[in-house]
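Subject: Structure handover

Hello,

Here is the structure I promised to pass on. Please open it first, then read the notes below.

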Amino acid sequence: MHAGVTPNGTFVRVDGGEPTGRDVEAIRAFADSLDAEVEWTVGAEEALVRGLENGDLDVVAGGLTDKTPWTNKAGMTRPYAEATLDDGRTAKLVMLVPIGENAFLSRLETFLDEEMAR
């Protein structure tokens, strides 16, 4: 599975080796459920969304919220968690997938729903 992540606080940290953080662990667990290995791409949101559009990435994460401006270029999961932003507001977290990947999106959403229920 090809995953794109953008550094963002506790959601995604990039300190040398492989990325770490809350969203990274969720993607790793999802890949494990598919018996897949994760190949990571670290970058800015715009570059990662282009990766989704080009078919180079399967999922993008990094503390993205349901207010993301990328919904016209990528599919979006249902919110799977909430987080308190730096300004104190509560935001609903989502991940992005290629547009039209309905089976993959459904499987990811089901996984996230189950993981967050634990």
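A contact here means heavy atoms within 4.5 Å. With that cut-off, P19 touches V5, V12, R13, V14, V24, R28, W40 and V42, leaving out residues up to four places away in sequence. Please keep in mind that this is a predicted model.

**Overall picture**

The protein has three helices and seven strands. Starting at the N terminus, their order is β-α-β-α-β-β-β-β-β-α. The chain has 118 residues, and for that number a compact globule would have a radius of gyration near 13 Å. The protein has 13 Å, so the value agrees with a compact globule. Along the principal axes, the C-alpha atoms fill a box of roughly 35 × 30 × 30 Å.

Of the 118 residues, 43% are buried. The accessible surface is about 6500 Å². Carbon and sulfur atoms account for 45% of that surface. Now take the contacts between residues at least 6 apart in sequence: 60% of them join residues at least 24 apart.

On charges, the protein has 11 positive and 22 negative ones. Their mean positions lie 6 Å apart.

**The loop between β1 and α1**

Two residues here deserve a look. Both T6 and P19 sit in this loop. Strand β1 covers 2-5, and helix α1 covers 22-33.

Is P19 buried or exposed? P19 has 3% relative accessibility, so it counts as buried. Its partners include V5, V12 and V14, as well as W40 and V42. The C-alpha atom of P19 is 8.5 Å from that of P7, twelve residues away along the chain.

T6 is buried too, because its relative accessibility is 9% and the cut-off for buried is under 20%. What does the side chain of T6 reach? The side chain reaches the backbone oxygen of G43, at 2.9 Å. G43 is also on the contact list of T6, beyond neighbours within four places in sequence.

V59 is in strand β3. At 1% relative accessibility, V59 counts as buried. Which residues does V59 contact, apart from neighbours within four places in sequence? The list runs M1, H2, A3, G4, I27, L52, M95, L96, V97, F104 and L108. V59 and G75 are 16 residues apart in sequence, and their C-alpha atoms are 9.5 Å apart in space.

A91 belongs to strand β6, residues 90-93. A91 is buried as well, at 8% relative accessibility. With the neighbours within four places in sequence set aside, A91 is in contact with T65, A81, E82, A83 and L85. G55 is 36 residues from A91 along the chain, and 28 Å separates their C-alpha atoms.

K73 lies in the loop between β3 (59-61) and β4 (75-76). Its relative accessible area is 35%, so K73 is partly exposed. Beyond neighbours within four places in sequence, K73 contacts V49, E53 and I99. I99 is 26 residues from K73 in sequence, yet the C-alpha to C-alpha distance is 7.0 Å.

D35 is in the loop between α1 and β2 (39-42). D35 has 75% relative accessibility, so it counts as exposed. What is the phi of D35? Phi is near 60°, a positive value in a residue other than glycine. Most residues other than glycine have a negative phi.

**Where to start**

I would look at the T6 side chain and the backbone oxygen of G43. Then go to V59 in β3 and the phi of D35.

Best wishes

Terms used: Residues numbered from 1 in each chain as written. Predicted model: local features only at pLDDT ≥ 70, side-chain atom pairs only at ≥ 80, totals over all residues. Heavy atoms only, no water. Helix = DSSP H or I, 4+ residues; strand = E, 2+ residues; numbered from the N terminus. Rg over C-alpha atoms; globule rule 2.2 N^0.38 Å. Buried < 20%, exposed > 50% of the residue type's maximum accessible area, 1.4 Å probe, protein only. Areas by Shrake-Rupley, 256 points an atom, 1.4 Å probe, with all protein chains shown as cover. Lys, Arg positive; Asp, Glu negative; His and termini not counted. Charge placed at Lys NZ, Arg CZ, Asp CG, Glu CD. Polar contact = N/O pair within 3.5 Å; in protein donor to acceptor, adjacent residues only side chain to side chain.
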